[in-house]
Amino acid sequence: MRRLIRKLTLLSLLAGTIATFSYGAEAHIAVRYVDPQLGAWWDANEFLIMKCSAAALGMLVAMRVAARFIEERLRAATLGWSLVVCALALMPVATVSSRLARIGAGGQGGPARDWMIARLGYGAGIVLDKIFLAVVYFLKAVGFSLVAGLGIFAMVLAAVTTLQCSAAIAVEAGEHRASPQ
């Protein structure tokens with residue numbers, strides 16, 4: 001299970017990185033020159049890929065971190081069920097975290113943009129500023145999704161612990177009834 005989560009984490013990081021840099025640099029235009037249909041599809045979906053990758057990355061990192069703090073006997077079941085619940089919650093978490101990541105993004109320009117334009121010129125500075133904003137947006141969405149992932153992991157851990165404790169109590173009760181005293 002841990003290997004699967006590691007691979008999914010790397011996949012979401014890779015997809016998020018590609019989509020974030022593509023979104024920031026508006027690379028769909030270059031793809032449209034090579035393959036118009038693929039470019040149109042990429043233009044329509046790169047933001048969705050970026051926000052879903054951010055949500056998945058945040059929740060997967062949360063699961064990996066939280067799993068280090070629980071007992072070994074609970075780890076496999078909790079990770080498995082957390083992965084299922086996080087997969088089901090991906091779109092709602094992605095939507096909420098992308099909206100939260102937009103907080104503070106309505107300002108016009110700023111010191112970073114001015115610095116990039118002053119150092120690189122207007123054309124390159126604007127492109128680098130868009131990439132910078134996309135990366136900040138992606139990281140904010142990952143952070144908000146990480147909090148959601150920790151909450152999901154905690155709820156699944158509580159359910160797994162409760163089920164295992166109730167199963168152990170049922171086994172003990174059955175043993176006491178079966179043994180003649």
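1. In which helix does histidine 28 lie? Histidine 28 belongs to helix α2, which spans residues 28–34. Note that this is a predicted model.

2. Is histidine 28 buried or exposed? Its relative accessible area is 13%, and histidine 28 is therefore buried, the cut-off being under 20%.

3. Leaving aside residues up to four places away in sequence, histidine 28 touches Ser22, Gly39, Trp42, Asp43 and Glu46. With glutamate 46 there is a polar contact, side chain to side chain, at 3.2 Å.

4. Helix α3 (residues 36–67) packs with helix α4 (residues 72–88) at an angle of about 165°, and their axes are 11 Å apart. Because of that angle, α3 is roughly antiparallel to α4. The crossing of α3 and α4 is right-handed.

5. Which residues make this contact? From α3 they are Met59, Leu60, Met63 and Ala67, and from α4 they are Arg75, Leu79, Ser82, Leu83 and Cys86. By class, the contact of α3 with α4 has seven nonpolar residues, one polar and one charged.

6. Helix α1 (residues 2–25) also packs with α4: the axes come within 10 Å and cross at roughly 35°. The crossing of α1 and α4 is left-handed.

7. On the α1 side, the contact is made by Arg2, Leu4, Ile5 and Leu8; on the α4 side, by Arg75, Leu79 and Leu83. The residues of the contact of α1 with α4 divide into five nonpolar and two charged, with no polar residue.

Technical notes. Residues numbered from 1 in each chain as written. Predicted model: local features only at pLDDT ≥ 70, side-chain atom pairs only at ≥ 80, totals over all residues. Heavy atoms only, no water. Axes fitted to C-alpha atoms, helices over the stretch in contact; angles between N-to-C directions. Helix = DSSP H or I, 4+ residues; strand = E, 2+ residues; numbered from the N terminus. Parallel < 35°, antiparallel > 145°, perpendicular 65-115°, else oblique. Left-handed = near helix turned anticlockwise from the far one by under 90°. Contact = heavy atoms within 4.5 Å. Nonpolar A, V, L, I, M, F, W, Y, C, P; charged D, E, K, R; others polar. Buried < 20%, exposed > 50% of the residue type's maximum accessible area, 1.4 Å probe, protein only. Polar contact = N/O pair within 3.5 Å; in protein donor to acceptor, adjacent residues only side chain to side chain.
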